Each structure stands twice: as structure tokens, then as C-alpha cells.
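Trainee: Could we go through this model together? I would like to start with the overall fold and then look at the packing.

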Amino acid sequence: MNFDTTHLEDLAGRRLSLQRNYEPKLRALVETRTTQLGFDDFERKAALRSIDALVWKLTAAGIHLERLWENRESFAVQQLMSKALTGDPEPKRFTVKEVAFLTAEFEAYLLQARAFISVAQIHTLDACRVPFGGQITNKKYEKAVRKAPKDVSVRLTRAHNYFTQNVFGRGKWGSLLKSLRDRVAHFDRVRPSKSTSDGGSEDLTVAGLSLERLAQDFENGTYDLLVNVIAPIWERDWQPGPYRPGMWA
């Protein structure tokens, strides 16, 4: 086994050690509440599947972010971050190994981090037994919330409002991720145009972008999402600290 492979495994191990801090708590939350609320087997499996996906997206995004973080002082990363919101092409990614590697890591991070938010939205629907199939968008999520049964409408509306105001609001971390992800997924190779960003992206450009800000916003935002959306959607307050049997009873 060469050094590079060992180093990558160590990095993944660090993120997995963080995952072990919250995965048991989240699975226990879902297992406890689905039992208490009388979920059938299909509903329970759907909720567990989406919470498992949420945990994995958080871990996967963290791995890519750490790879970028390791190279944060390099000229290639500094150029990458300075051009992230401009849409300027970076021809060196096709010819220079360092630039190509870091660009690939950055794009992979954006896709996984944005997917984390989408899976969180899906999980709120699973927690309220609102069926949903296919790829979710903010518009589809809003429509599903509007059509939700009355007994879960208040919880889902609160979750939707949090996503709208605190995740995708102007200048918020999810708005930045969405703008960057959309450039990667739609602008660069698929549908060239002068601008594909949504509302708020120009303000973010003015505010500037750094890897430090991206990393801190992501870490803070994901934790706040667990505290303010995932636990409350199950009608529980977030419990800090390690997993304890019976903590969600």
C-alpha cells in the first residue's frame, strides 16, 4: 500500500470518527419515534433510509472538504476559490495535475454538500409520512409541504420556513452551495450561458469567498440543521453530547 492510499484512508477515518458521534443518536431518534408514532414497516424503513443517507452525505462532503483544506495554502486552491462565483474558465484543470485534482475535489464537495440539504428535506417528509418520489427541488418540497395532512402541517411548515430563511435565504450557506453547485452541474459543461445563479449570488460575490468561510459555514450550517430541523421534525429537542440509551424517549 503506498503512502497516498494510506493517507486517504486516514483522512476518511477521521471523518468516520466524527460520524460515529452523531450517527447512533440520529438512528436512535428515528427508531424511537417511529415506534412511538406507530409507523408501519415501510414507513419506518423509508425514514431510516433517509437518515442513513443524510449521515453519509455529511461524511462524504467532509472528506472532500478536508482534501481541499489540506491544500488551502496552495496557489491552485486560492485561484479556484477566487473564480468559484465568476464562471471564468480554468483551462489548466485539463493540463495541470494539481489544478485538475483540486477542481475535482471542489466539485465533488459541492455535489455532496448540496445533496445533504436535499436529503434533509426528504427526511422531514419521511418523518411526517408524506410520500415523495423522484428528485426533490425547493419547489417540489414546498408543494409537498403545502399538501401535507393537517396533523403534520405545523411541523413541516416550520421545517420549510427554516430551509427558506436560514439555509437558502439571501447570503446563507445553502444559497452559496446551491449557486456554486448549479454552476458545476449546469453551467460549465451542459448549458453555457452568461449567468445561471439564483437570487442572492451577486451579494455573495461582493462578500467574497474563501475556503475558510466555505468550511466554517458548512460545519455550522449542518449542525444547525440537525438542531433546528431534524430533531424538531420528530417533536424532540436536540440532545447534545454522546449517544445514551433512552435519550429520545
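Trainee: How many helices and strands are there in the protein?

Mentor: There are nine helices and zero strands, where helices are DSSP runs of H or I with at least four residues and strands are E runs with at least two, numbered from the N terminus. This is a predicted model, in which local features need pLDDT of at least 70 and side-chain atom pairs count only at pLDDT 80 or more, while totals for chains, interfaces and linings use all residues. Residues are numbered from 1 along each chain as its sequence is written, and side-chain values use heavy atoms, with hydrogens and water left out.

Trainee: What percentage of the residues count as buried?

Mentor: Of the 249 residues, 45% are buried, meaning under 20% relative accessible area with a 1.4 Å probe, protein chains only.

Trainee: And which residues have the most contacts inside the largest nonpolar core?

Mentor: They are Phe-106, Tyr-109, Leu-156, Phe-163, Phe-218 and Ile-230, in a core of 65 residues. Such a core is a set of buried Ala, Val, Leu, Ile, Met, Phe, Trp, Tyr and Cys residues joined through side-chain atoms within 4.5 Å.

Trainee: Which element gives the most to this core?

Mentor: Helix α4 does, with twelve residues.

Trainee: What does Phe-218 touch?

Mentor: Leaving aside residues up to four places away in sequence, Phe-218 touches Leu-58, Ala-61, Leu-65, Tyr-109, Ala-113, Trp-173 and Leu-177. A contact here means heavy atoms within 4.5 Å.

Trainee: Changing topic: at what angle do α4 and α5 pack?

Mentor: The angle is about 10°, and the axes are 11 Å apart. The axes are lines fitted to C-alpha atoms, for helices over the stretch in contact, and angles run from 0 to 180 degrees between N-to-C directions. The two helices, α4 and α5, are therefore roughly parallel to each other, a term for angles under 35 degrees.

Trainee: Which residues meet there?

Mentor: From α4, Arg-114, Gln-121, Thr-124 and Leu-125 meet Asn-138, Tyr-141 and Ala-144 of α5.

Trainee: Why does Ser-50 count as buried?

Mentor: Ser-50 counts as buried because its relative accessibility is 6%.

Trainee: What does Ser-50 touch?

Mentor: Not counting residues up to four places away in sequence, Ser-50 touches Val-119, Ile-122, His-123 and Asp-126.

Methods. Buried means under 20% relative accessible area, exposed over 50%, partly exposed in between (1.4 Å probe, protein chains only). Angles under 35 degrees count as roughly parallel, over 145 as roughly antiparallel, 65 to 115 as roughly perpendicular and the rest as oblique.
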